[in-house]
Amino acid sequence: MQRALQVLQHTFGYSEFRLNQADIVQALLDGKDVLALMPTGGGKSLCYQIPALVLDGVGVVISPLIALMQDQVDALNQLGIKAAFLNSTLEYEQVRQIESDLISGDLDILYIAPERLVNPQCVNLLSQVKISLFAIDEAHCVSQWGHDFRPDYQQLSFLSHQFPTVPKIALTATADERTRQEIINQLDLHNGVTFVNSFDRPNIRYAINEGQNGREQLWRFIEENHGNDAGIVYCLSRKKVESTAEWLSKKGRVALPYHAGLNADERQTNQQRFLREQGIIIVATIAFGMGIDKPDVRFVGHLSLPKSIEAYYQETGRAGRDGRPSSAWMAYGLQDVITLRQMMQQSHAAETFKLVSQQKLDSMLGLCELISCRRQALLSYFGEESAEPCGNCDNCLTPPETWNATEAAQKALSCVYRSGQRFGVAYVVDILLGKSDPRIEKNQHDQLSTFGLGQELAVAEWRSLFRQLIALGFLYVDHESYGAIKLTEKSRPILRGEESLNARKSIKAEKTKSTKAKKKQVASIHQPLFDTLRALRKELADTQGLPPYVIFHDATLVQMVETRPSQLSEMQYISGVGERKLAQYGEDFLKVIKQFPLPDIVNSNFSDTVNDTLVLVSEELSVAQIAEARELAESTVYGHLAQAIEAGVLDPLEVLTINDDDYQLICQTLDTFTDETQGQLKQVYEALGEEFDYGVIKCVAAAEPN
Ligand SMILES: [Zn+2]
């Protein structure tokens, strides 16, 4: 284990193991089989890479993600690790070379696609070499219930017979209890140890919005929160992918489409640009993402509803793998619910499969309509209880308003019933609103007792209520009768008045504004250096044909600008800087850091926001100008100044627009009101005839502590 820690620190540049990485590594070193459930960004790959380096022989990693192998191998080579991959993208000569390296023991880690591994020739090859471990990545692909099912994965049980003494580790970032059991059965891990890490991704802010006009909402969200950031936007259909990418491009962002209908070259190009350039938005069907290991995706948007919570968790999980603040944003409306419900009924899958899919969709819809903390619900779906609401989801940040919708629901349900359960939502809403319509008249539905009974609500409010009634299972959409909505068993207690219903108020789009994050990766004082380091990283990456994050993650750059190391011996303590990268890139980055000295006034004891104010002070801006530039209240700016004055780094007379006499006057007045419990500042303020700003008095008081 000592050796494992050394590899972690010297080769990978991390000071300590995270989550239960250490226990997993230990189990493998002890020769045990392991099932590890880890959230994305939890450091999954270190769990097998480190034992593969410590143990004798080559570690064989089975991964369905062919597109990703090149990047993984590049990243390992950057660390000085001998890694290679075998998959269908290689030329014959390359395969020969890798096989000969393998036989001569020149490889530490070999990535291999499952379809190749199960081929007898490959088994024969592997039985000639010493294997340290098998790592089966994305292990949930064995599950035929899952959306990523890979039949080849079900053959992997042969590893146990063929290589009985080699430890196996199966890894996945998403698996409910059923899938977990399937993995254990299919991969024969019965005698292994299971490690379940928290599925929480605290750095991701979840938000789910209702509304028909998803695209406009999406744009507002991107503009306000992620002006220059890389992100992924998911849509259900190819057509919507194309039109959304085009629309975002017109808005001035670089947005590229990705779906199965594009030719392979175009898909490849768009994916490469997304990985290698900064700030690109990829608009995709769910075909995209499996195998995207880009750590600095800052947001994932959904313009359509995922089919299950697993899919939602997995897709949103592509944001913020580097652990830095990121967003998962979604808009959905009535039509999404109806479309998905219909798609499931239409499917030709076996009944049990349909039933499971239906339940999964119900859970997803429940998450959308939830009025309490989304993260708690998400985690509890994966069997994890969390005591406190998270404070970092839309429902925590702006609790939704609810209303007692029992009576309205009764009207809605009874109107569905009375009109014969033969019509869609729009028609039923028209009856409730008492609209004159030839169809309604022909059906004599203007004679119903519910005709015009619902005029207290607007069309949008009725649609919102119907969406919730369908989502929550009080109504269902019958595909067989052309999308007619029908009552369910669940609706009876509501109709009989035995149960009440609290519904979400439909919110105006403006409301989402309050969650405006305005988050930048670094404080403004660090921005110029950060930008320059990013440019350097891009340049180094481009010359080697690598994605920038293979050189250093954003998190590593952020730590560099915040700590500003001045020599290599300091830089080696930065997380993500291992020996090889220090030797290869250290000097280049130090050189740039030296070009951006911080002004003396900036003090490491102050918070970033105080420092940002002080930088502007050093540029001789007035309090009013600083307040305007930073969109802060003047009193806040005075508060920052007071801190700096109290610490002795600012001279009050230099920053305050008062003369010596006024200064003395304030000092004397302060001396006469020394009892701070009485609200000293207020007394002084009043005694001075309200002539000086509170902030000014505060600054003087900071300079002259009594
Ligand atoms: Zn929450």
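**First stop: a valine**

Select Val-429: its 23 C-beta neighbours inside 10 Å make this residue count as buried (20 or more other C-beta atoms within 10 Å; 12 or fewer is exposed, in between partly exposed, with C-beta atoms placed from the backbone). Before you go on, note that this is a predicted model, where local features need pLDDT of at least 70, side-chain atom pairs count only at pLDDT 80 or more, and totals for chains, interfaces and linings use all residues. Residue numbers start from 1 along each chain as its sequence is written.

Show the contacts of Val-429 next: leaving out residues up to four places away in sequence, Val-429 touches Val-459, Trp-462 and Arg-463 (contact means C-beta atoms, placed from the backbone, within 7 Å).

**Around H19**

What covers them? Just after H19, click Gly-434, which has a positive phi of about 70°.

**Last stop: two helices**

Jump to H30 (residues 634-646) and H34 (residues 694-703), whose axes come within 8 Å and cross at roughly 10° (axes are lines fitted to C-alpha atoms over the stretch in contact, with angles from 0 to 180 degrees between N-to-C directions). The contact residues divide into eight nonpolar, two polar and three charged (Ala, Val, Leu, Ile, Met, Phe, Trp, Tyr, Cys and Pro are nonpolar; Asp, Glu, Lys and Arg charged; the others, Gly among them, polar).

Technical notes. Helix = DSSP H or I, 4+ residues; strand = E, 2+ residues; numbered from the N terminus. Contact = placed C-beta atoms within 7 Å.
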